[in-house]
Amino acid sequence: MLEDGPQEVDVISREVKYRGRIWDIVRDVVALPDVVVTRDYLRHLGAVAVVALNEKNEVLVVKQYRHAVASEMVELPAGLLDIAEELPSQAAARELLEETGCTADQWNVLVDVCTTPGSSTETLRIFLARDITQQEWNASNLQAEEREIQRSWVDIDEAVAAIQEGKWTNPTIVAGVLAAKLSTAQTLRPADSPWPMRERTLATERVFQF
């Protein structure tokens with residue numbers, strides 16, 4: 001079976017062209033087998049997201065403003081891997097609680113994604129969370145745009161239709177909802193499963209460092 005895998009290349013030089021709050025823009029000069037190329041890319045922290053499914057087979061979504069595209073977008077609860085030593089599964093549980101006030105008793109890895117491998121080092125792990133419990137929650141306790149978050153439960157088939165009709169375009173929710181619709185208990189990985197692409201970006205200094 002074809003699969004993603006590492007390729008060793010000679011990075012002749014590396015320069016941080018822009019240092020931001022949660023990502024950098026990096027320029028590498030790289031010697032490939034037959035040519036030397038210069039590539040700029042966004043060095044990202046990495047992220048997690050959650051498809052939370054209830055007993056009615058409804059998925060929990062949030063809607064919030066995204067300035068880069070000047071739009072409110074329907075999304076999954078998600079966030080950056082920005083706490084040192086926090087496991088991805090722990091980060092996912094934290095983001096689910098912070099953004100929706102929900103906790104879950106059952107966790108699995110749903111799908112791993114490189115969101116924009118041509119220009120960003122972002123690796124994303126999407127979890128499937130079940131056995132959901134609603135805790136006390138108030139969006140006004142959140143920061144910045146997240147204070148305006150709106151939560152909704154949407155039937156999984158309606159969610160798939162919204163994606164197919166181009167109504168939901170965030171790549172995380174597209175990947176997560178479609179993977180959830182296709183998944184069965186036998187195909188899911190444990191929540192602490194290895195994450196080779198994430199490990200590779202860490203090992204090759206392609207993850208943003210504070």
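In this tour, Ala, Val, Leu, Ile, Met, Phe, Trp, Tyr, Cys and Pro count as nonpolar, Asp, Glu, Lys and Arg as charged, and the others, Gly among them, as polar. The model is predicted, so local features need pLDDT of at least 70 and side-chain atom pairs count only at pLDDT 80 or more, while totals for chains, interfaces and linings use all residues. Residues are numbered from 1 along each chain as its sequence is written, and side-chain values use heavy atoms, with hydrogens and water left out.

Now colour β2 (23-31), β3 (36-44) and α4 (196-203), each of which supplies at least two lining residues. Helices (H or I, at least four residues) and strands (E, at least two) are DSSP runs, numbered from the N terminus. The largest share, 4 residues, comes from β3. By type, the lining holds 10 nonpolar, 9 polar and 8 charged residues.

**Second stop: an aromatic pair**

Which kind of pair do Trp-107 and Phe-127 form? There is 1 aromatic pair in the count, and its ring centres lie 6.2 Å apart with planes at 75°, so Trp-107 and Phe-127 are edge-to-face. Rings of Phe, Tyr and Trp (its six-membered ring) pair if their centres lie within 6.5 Å; planes under 30 degrees apart count as stacked, over 60 as edge-to-face and the rest as tilted. Trp-107 is in strand β8 (residues 102-114) and Phe-127 in strand β9 (residues 123-134), so the pair ties together parts 20 residues apart in sequence.
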